[in-house]
Every structure is written in C-alpha cells, then in structure tokens.
Amino acid sequence: MMFQDELSTADPAVSQALADERRRQETTLSMIASENHASPAVMEAQGSVLTNKYAEGYPGSRYYGGCEHVDEVERLAIERARELWGGDHINVQPHSGTQANMAVYFSALEPGDRILSLSLSHGGHLSHGHHVNVSGQLYEVEQYEVDPETGRIDYDAVRERAEAFDPDLVVSGSSAYPREFDFDHIDGIARSVDALHLADIAHVTGLVATGLHDNPVGTADFVTGSTHKTIRAGRGGIVICEETHADDLDSAVFPGSQGGPLMHNIAGKAVGFGQARSEDFAAYAERVVENASVLASELRERDVSLVSGGTDKHFVLVDLRESHPELTGADAETALNDVGIVVNKNTVPGETRSPFVTSGVRIGTPAVTTRGFGPAEMTEVAETVVALLDAPDDPSVAADARATVERLCSEHPVYE
C-alpha cells in the first residue's frame, strides 16, 4: 500500500527536494540571523505521530478526546519554558512569533487603539505595526527610531514620542537592532503614559534564557518570542504574561486567532527547551555572542561600516552606504549567497532604497556556532565577506571564497 511506503517511494519529487535541501544546508553557511539548525531530537519530535492529533483547547480542557499524551507534552513545554524565562503564565501554542504578537494585540487592544513601536527600517518587525501587516491595518501605529548619529535608541526621544502620541501599548524588541534593549526604560515610558508594554524577544530567546541578555519577564506585561532562533527549539512562538492577562491571552490564541495547536511543533519546543537547560547550551549561547563580537571587530578592522558600530547580540548589520556605496544590499546578498554564505539584505536606519533592494546586509552567528565555529572561523568568514564586498564581480575572488566555504563546511558538518 502506498500509505505504508517510505517517502522516497511514495513521493520521489518531495524526497529529492528534501535531500537537496539537506545537502544545501550542509554545504553552505547559514548566516541569516533568524535561522538555526535544529537538533536531531527536535526534528524527530516535530516529525512524530503527534501531527495526527487534534487538541483544540488547553491541557486538561480539550474539545477532543484522546489528549492525555499531548497534554503531557504541552505541560512539559510550559514547565521547561518557565525554568528558562520565568513568568506567571505561559502559552506555547502560537504558530510563530508573529502569531504570538497578534494574540497579545487581540487580548489587550480594540481595533483602532494605538501602538508605539520601533520602525521597521530602524530594526523593528513587520508584526509591530507595519502597514503591510494586519497589525498596521487594525491599529493606529506610531513608530520611534534610532538616533541617526549613533544607530542606538534614544530613550528620551521615545519618551517624547510616547507623551505626544499617548499609546495604549508600547512595543520593545526588534528583528534587526544589534544592541540590547533597555526593557526597564521602555517599561517606565509605558507606565508614564498609562500604556501596556509588550517585549518581543523573538531573536534573543536563547540569549535571555542563559542570562546573556536582559530578561523582560516580570517587567513587561507581555513577553513574546520565537522558539527556533537562538533558543534552537521547535519552530513556533510563545507568549509569557502576568496572571491577570492569562484568560484573555489564552482566548486570543484559541479560539481567537488559531484553531488546533500544532502538537508536533509543541513537542519540538518541549525537547528544545529541555536541551536549553543544559550547560552545553549555555556555553553555546556564549559562543554565539562571542562569534558575533569577533565578526563585528574583524569587519570594522577592514573598514566595513556597521549600524551602531557593533553588536551586543547574535548578528551584525552592515551599512554599505559608507564603506561600499556602489553596492546595494541585494547585490551583496547575491555575491555572498553565490559562494555559499547565505545572508539577507536588510534595511538600515535612514533607508532610501526599496525593501527589495536595501542598503544593508544582516549577518548572524547562531547556525554557524551550532556547527562549531569559533573566533578563528569567524575571522576567516569576515575576510571572505570583505573580499567579496570589495570585488563582487571578480571570478577569482569568488572561486577563493567558494573554496573557503567548502573547507569550513567539510571541517564542521551540521549532522554527523
């Protein structure tokens, strides 16, 4: 029966695509800041029989029978998340970080209420109120920016913006701001204008869990995050909130914005959260930050301009306008991707180009750190990046870069 066939027999086309993707991951350097390599255990959980189970509702209160084992898995995910981040109430059902943010909005706001958040071109996220996202269509949004001279958030300017705008919710957190957020400062601003505070730690969940980044849990009213970036668990989202918001938040996730939870993904979250409690993971997170710091230092020494001059996190944001004005972010992304250094073009503060072109490149370290990269490898990566930025159309430079990438991949395989 076809039902019992292995994938290679049941669907050779999809099987081949998966094999090709694994080969691509093994033979290129994933340096997109929002990507990582999940462990075999996480992938086993996400590919498990839990994909068969409907479990609308929450542990102990489902709309379907036969949920005793998925209840156990979800409770494990919640308990392990509490060990990592703390918090009164935790919901592990959101399908993504964006879904987590939407659940907070639906639980705490009415359509037309006001949100104050970091501008997308200054490092914010689409789900923080950008006009192409539903968050920017349901709510009135005002955005703060970084200081154009320093590339850092001017908290006094944020306070002035908040006092003038009178928001109902202030959002802290980002997708491309390379410096640590001062969550306490943002929280004070929110309180001063009688607004709620949502701290989005999507990119830094792993750094927060290991004490390498400030933890907003217990300070902000809501904390949201992704579970597959620096925390390296199953793909999805999470919301942590005060107990006073728990019922409204849970209702906003289900049935408000989602149907049945993806129990196989929640199993991947549980496994990844369990792994993140280990000393090995704490050491990994330290290396992620160290590798980003080395990358920043090596790029600066080679006269590459970085937004804010460096990083406190797991990525750098290259601003090409000063160091390589003839290049766009799209040009740089193509030149790097063509030799196997996979990055993404990114807007920079004061951006004048289209988001499809941009003037910047975001380069992250979580996935290459999972491969075992350290300072020596990051120095090689920096040298290779600069050589390509300096001569993106030189075949000999590209050939040398490709050889370096192939050697680094061979020396540091993703999966044994």
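**Close-up views of a predicted protein chain**

Figure 1. Setting aside residues up to four places away in sequence, proline 375 touches Glu290, Asn291 and Val294. Proline 375 belongs to helix α16, which covers residues 375-390. With a relative accessible area of 37%, proline 375 is partly exposed, because that class lies between the buried limit of under 20% and the exposed limit of over 50%. A C-alpha to C-alpha distance of 43 Å separates proline 375 from glutamate 243, and the two residues are 132 residues apart in sequence.

**Figure 2. Serine 172 in strand β7.** Strand β7 runs over residues 169-173 and includes serine 172. The relative accessibility of serine 172 is 0%, so this residue counts as buried. Beyond its neighbours within four places in sequence, serine 172 is in contact with the aromatic residues Tyr144, Phe181 and Phe183, among others. The contacts of serine 172 also include Ile186, His197, Leu198, Ala199 and Asp200. Proline 395 lies 223 residues from serine 172 along the chain, and the C-alpha atoms of the two residues are separated by 44 Å.

**Figure 3. The cis peptide bond at proline 255.** Phenylalanine 254 is joined to proline 255 by a cis peptide bond, with omega near 10°. Most peptide bonds are trans. Proline 255 is part of helix α10, which comprises residues 246-257.

Figure 4. Most residues other than glycine have a negative phi. Are aspartate 303 and serine 308 buried or exposed? Aspartate 303 counts as exposed, because its relative accessibility is 63%. Serine 308 is buried, because its relative accessible area is 12%, under the 20% limit.

**Figure 5. Cysteine 67 and cysteine 241.** Cysteine 67 has 5% relative accessibility and therefore counts as buried. Cysteine 241 is also buried, with a relative accessible area of 4%. The structure holds 0 disulfides.

**Figure 6. The protein chain as the setting of the close-up views.** The protein chain contains 17 helices and 14 strands. Its radius of gyration is 22 Å, close to the 22 Å that the globule rule gives for 416 residues, so the chain is as compact as a globular protein of that length. The C-alpha trace spans about 65 × 65 × 40 Å along its principal axes. Buried residues make up 55% of the 416 residues. Among contacts in the protein chain with a separation of 6 or more, 73% are between residues 24 or more positions apart. The accessible surface of the protein chain is about 17400 Å², and carbon and sulfur atoms account for 48% of this area. The protein chain carries 30 positive and 67 negative side chains, and the centres of these two sets lie 3 Å apart.

Note on methods:
Residues numbered from 1 in each chain as written. Predicted model: local features only at pLDDT ≥ 70, side-chain atom pairs only at ≥ 80, totals over all residues. Heavy atoms only, no water. Helix = DSSP H or I, 4+ residues; strand = E, 2+ residues; numbered from the N terminus. Rg over C-alpha atoms; globule rule 2.2 N^0.38 Å. Buried < 20%, exposed > 50% of the residue type's maximum accessible area, 1.4 Å probe, protein only. Contact = heavy atoms within 4.5 Å. Areas by Shrake-Rupley, 256 points an atom, 1.4 Å probe, with all protein chains shown as cover. Lys, Arg positive; Asp, Glu negative; His and termini not counted. Charge placed at Lys NZ, Arg CZ, Asp CG, Glu CD. Disulfide = S-S within 2.5 Å.
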